[in-house]
Amino acid sequence: MPHAPAFAMNGVTVRFGGITALDAVDLEVPRGRVLGVIGPNGAGKTTLFNVACGFVTPAEGSVRRDGQPLTGLKPHHLPRHRMARTLQGLGLFERVSVLENVMVGADRTATSGFLSSLLALPRSAADERRLRERALTTLDELGIADYADRVPGSLPYAIRKRVALARALVGEPELLLLDEPASGLSDEEMESLGDLILACRERMSVMLVEHHMDLVMRVCDSIVVLDFGRVIAHGTPDEVREDPAVLAAYLGDEVDRTAAEVPR
Amino acid sequence: MQQLLSTTLTGLTLGMVYAAFALALVLIWRSTRIVNFAQAPMAMVTTLVALQVIDAGAPYWVGFLVALVSGLVLGAVVERVLVRPVEGKAEINAVILTLGLFIVLHAVAGLVFGNDYQSFPAPFGLSGFRVGDLNVALTGFGIFTIVIVLVVMAALAALFRFTDLGLRMRAAAFNPEVSRLLGVPVGRMLTIGWALAAVVGSLAGLLIAGGSLVYPSYMDSVVVFGFVAAVLGGLDSPVGAVVGGLLLGLALSYVSGYLGAQLVTLASLVILMLVLTLRPGGLFSSASARRV
C-alpha cells in the first residue's frame, strides 16, 4: 500500500464504565504532514493519544500504521513501529543526566536479551558508545548539548521540554505524537518550537494535541476537532476556523464567557 | 589493643556480608517497592543446593557457582511467577506474599534437604594470622569475604552506571510508564533486577555458611541484620546499604566483644528503632519532603 497514511484510526471507540470517552473516531495522518487535534477540555484528546500509544485498548475500531493494523499495541512497541510520544508532564528521569535521559530513548534497536546483555559486555560497550553519540547529536540539533551532563531538575522548564523532545526524536521516529508541546512556553519559545515542528516534517509525520491556537494554525496541515469524544469537524486550519460546529462547541464557549464578563 | 583489633576486623567481615544482603534488599526495593522478606530463605535454598553438589563430590567452587546460578534462576522465577501479579497493587499484598514465600521455602527446604545441621565447607583457612605477638582475627575466608563482596559491588555499580542495560533498569525503576513508551521492556527489567538481587543474596548466604553449619533457618537472623543495614542506609541507596552494612557489622561486633554476645540481636533492634525515630529516611537522606 504505497499511499497508506502514516497513521490512521477507524471507528475507534473507548468506554470507561458508562462513559464513552471516544465515539467512532476517524482520523488520518498522511506521510510528512502535521495533524492537529483540538477540542475543549475533556473532549477526549488525551484518551485519543493514549489509544495511539497503546496505554488504552479501544473497545471497537482499528488503529493502523502505514496501512498495517496495530492490534494489541503496547506502549513498549512504539519504537518498533517507529513511533515516539512526548508527555504533558515531560516524564523525565529526574536523577539521571540529560544525556542519559535521551539515551534511554535512543535505544530503538534494543533487542539484546538478559544473558546477551550480561555476558556480551564488549558488544554492549560498542552499542553504548553509539547510543551516546546519537544522543549527543540530537541534543546538539536542538541546541541543548551544553546541558548534557546536568540533571533535568536543575534546568529551566523550556530546556526540560527540549530534553523531552530530544528523547522522542533520538529514536528517529517516523511518527511523532506531541502532547501539548507548547504548554508553559513563552511566545518566543513557541515560535522556535513551531519552526522545529515544521522542520520535522521532512523526516516524519506528526500528530499534536495543543491548546495554543496560534501554533496549531501555523504548523498543522489539517486539524481534527473533538467534542465529547466525537469528531465534530476536520479539515485545513482555514476550514476549521470557519466551521460553525467548531465555533459553537469550542470557540463559542469562549465568546459566551467573554460576553458574560463584559457587563461587570 | 588486641581485642579492639579483633572486634574491628570481625565487624568489618560481618559488615561486608550484611552489606551484600542489604544491597540485595535495596535492589528489589528500588525497582519494585517491595521488601523481599523471602530473601533469606531464597539464599538458604541456593546454599543447600550447593551443599548437595559439594557432598556429591564436586569441588567447592563448582558448588559456589551452582548456588549463584540457582539464585539467578530462583530470583527470576519468583519475580515472573509470584511477584508479577501483585506488582503495582496494594503494598500489603506484596508483604504477605514474600512472608508466605518465607514460610513455604522453609518448609520445602526441610522436606527436601532435611532439618538437620550440616557443615558447609570453606575454601580458605578459618584461623587468623599471627603478626609478632599479635593475633590478627582476619581469616583467609574473611579476606575472601571482603574481597568478593567488594568485587560484586563494583561490578553492580559498573553495570548500573556504565551499561545500557543498567541505564534501562534505572529508567524502569524511576518511571515505568515513561520507560515503556521509550521501548524499555519494563517487565523484563524487573525480572533481571530480582535475579541479580537473588544472586547477591545467595552470595551472602554462601559467605555466612562458609565453615559453619547450615540448616533451613540458618539465615533467619541475617534477615533482621540485613534489613536494619538497609534501613540504616535509607533503603533506596545502594551505597547507603553498603555503608549501613559495614556500620552495623562494626557496631554489633563491638557490642558482642565488649558487652556480651547475647545482646547482639537486641542491639540491632535498638539501632533500628533509633534510626527510624531520629532519621526515618536513613542516615544518608537529604532533608526531603515531609509527609504531614
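**View 1. Residues 60-82 of chain B, a stretch that is 100% helix and 0% strand, with end C-alpha atoms 31 Å apart.** Helices here are DSSP runs of H or I with at least four residues, strands are runs of E with at least two, and both are numbered from the N terminus. This is a predicted model, in which local features need pLDDT of at least 70 and side-chain atom pairs count only at pLDDT 80 or more, while totals for chains, interfaces and linings use all residues. Residues are numbered from 1 along each chain as its sequence is written, chains are lettered from A in the order in which they are written, and side-chain values use heavy atoms, with hydrogens and water left out.

**View 2. Residues 189-210 of chain B, where the chain is 95% helix and 0% strand.** The end C-alpha atoms of residues 189-210 are 32 Å apart. An unreviewed UniProt entry lists residues 60-82 and 189-210 of chain B among those under "transmembrane region", an annotation that may be inferred rather than shown by experiment.

**View 3. The interface of chain B and chain A, in which 24 residues of chain B are in contact (heavy atoms within 4.5 Å) with 27 residues of chain A.** About 2400 Å² is buried between the two chains, with 70% given by carbon and sulfur atoms; buried area is the accessible area (1.4 Å probe) that two parts lose on being put together, summed over both.

**View 4. The salt bridge between the side chains of R170(B) and E100(A), at 3.0 Å from N to O.** The count between chain B and chain A is 1 salt bridge, defined as a side-chain nitrogen of Lys or Arg within 4 Å of a carboxyl oxygen of Asp or Glu.
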